[in-house]
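User: Here's a model I'd like to pick apart by its helix packing. Can you walk me through it?

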Amino acid sequence: MNTVRSADGTTIAYTRAGQGPPLILVDGALCSRSFGPMPKLAEQLTPHFTVYTYDRRGRGDSGDTAPYEPDREVEDLEALMALAGEDVYVHGTSSGAALALRAAKRIRSIAKLAVYEPPFIVDDTRPPIPAGYLDRLNRLVADGRQGDAVKMFMRFVGTPAFFTAVMPFTPVWPKLKAVAHTLPYDITIVQDHQKGAPFTAQEWAAVKTPTLVAAGGKSPAWMTNATRALADALPDASYRTLPGQNHMVKPQVIAPVLTEFFSAAS
């Protein structure tokens, strides 16, 4: 494990492995460099890239500085990129994809960007985020009800009721509760694009980076509609459907797609 200090003084823990051009992986909600899809994905990518996985602030071995602001997470990425080099590739999944897109509006050293299913809602194929959702989530966390916060989040993202019911009896439950206080961070990042409103080209005009937008062939319509709309709205984007995949994309499926995209001549 290594650490880097972000602009506001927060310590960000990261792991570096492999060889080749630098590639930073950005986790979604509840995940970290030791828990979730990125560790296995990193293993698939290290033959081709120098892969950086990191604990987003508030998770794992990273620090956390109040009050939370999404731009501080952009600065965390900036600090990692300063270590990695001048031209850095970035891949984000779920809310990590939304964070990576936010970073691409501001950080010019992102050479290429790949995002998988940022959880945006741009039409009426599913209900938008409820009014006051973030406030209720923050109250649960403030009251020490981390388990209830995780369940509330799982219900919103569409986790089947059976899995939500049995999750507290599984070995992963303590890990989920340990980072439940960061769920409001993810919601803060995505909520403005979860209201069922279409994208405008202007809101993505600052993302000049060549971008791959990908979604799973088995993902729900609301999510695939949003990813296609995002690809259409970005100035320089291509779109890929990964057959047979859903939001929990398998590392062995997406790794070749990322390798092809990042390795191709611009």
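User: Is the crossing of α1 and α10 left-handed or right-handed?

Analyst: Look at how the near helix is turned from the far one: anticlockwise by less than a right angle is left-handed, clockwise right-handed. For α1 and α10, the crossing is right-handed. Bear in mind this is a predicted model, with local features needing pLDDT of at least 70 and side-chain atom pairs 80 or more. Residues count from 1 along each chain, and side-chain values use heavy atoms, without hydrogens or water. So much for ground rules; the call stays right-handed.

User: What do the axes make α1 relative to α10?

Analyst: Helix α1 spans residues 38-45 and α10 residues 251-263, their axes coming within 9 Å and crossing at roughly 50°. Lys 40, Leu 41, Gln 44 and Leu 45 of α1 meet Pro 251, Gln 252, Ile 254, Ala 255, Leu 258 and Thr 259 of α10 (contact: heavy atoms within 4.5 Å). Under 35 degrees is roughly parallel, over 145 roughly antiparallel, 65 to 115 roughly perpendicular, the rest oblique. That angle therefore makes α1, relative to α10, oblique.

User: How are α4 and α5 oriented to each other?

Analyst: The axes of α4 (residues 133-142) and α5 (residues 146-157) come within 7 Å, crossing at roughly 155°. Their contact includes Tyr 133 and Leu 137 of α4, plus Met 152 and Phe 156 of α5. The crossing is left-handed. The pair is therefore roughly antiparallel.

User: Which arginine is in contact with Tyr 54?

Analyst: Skip the neighbours within four places in sequence. Among the partners left for Tyr 54 are Ile 12, Tyr 14, Ile 24, Asp 27, Leu 77 and Leu 99.

Key. Axes are lines fitted to C-alpha atoms, for helices over the stretch in contact, and angles run from 0 to 180 degrees between N-to-C directions. Helices (H or I, at least four residues) and strands (E, at least two) are DSSP runs, numbered from the N terminus.
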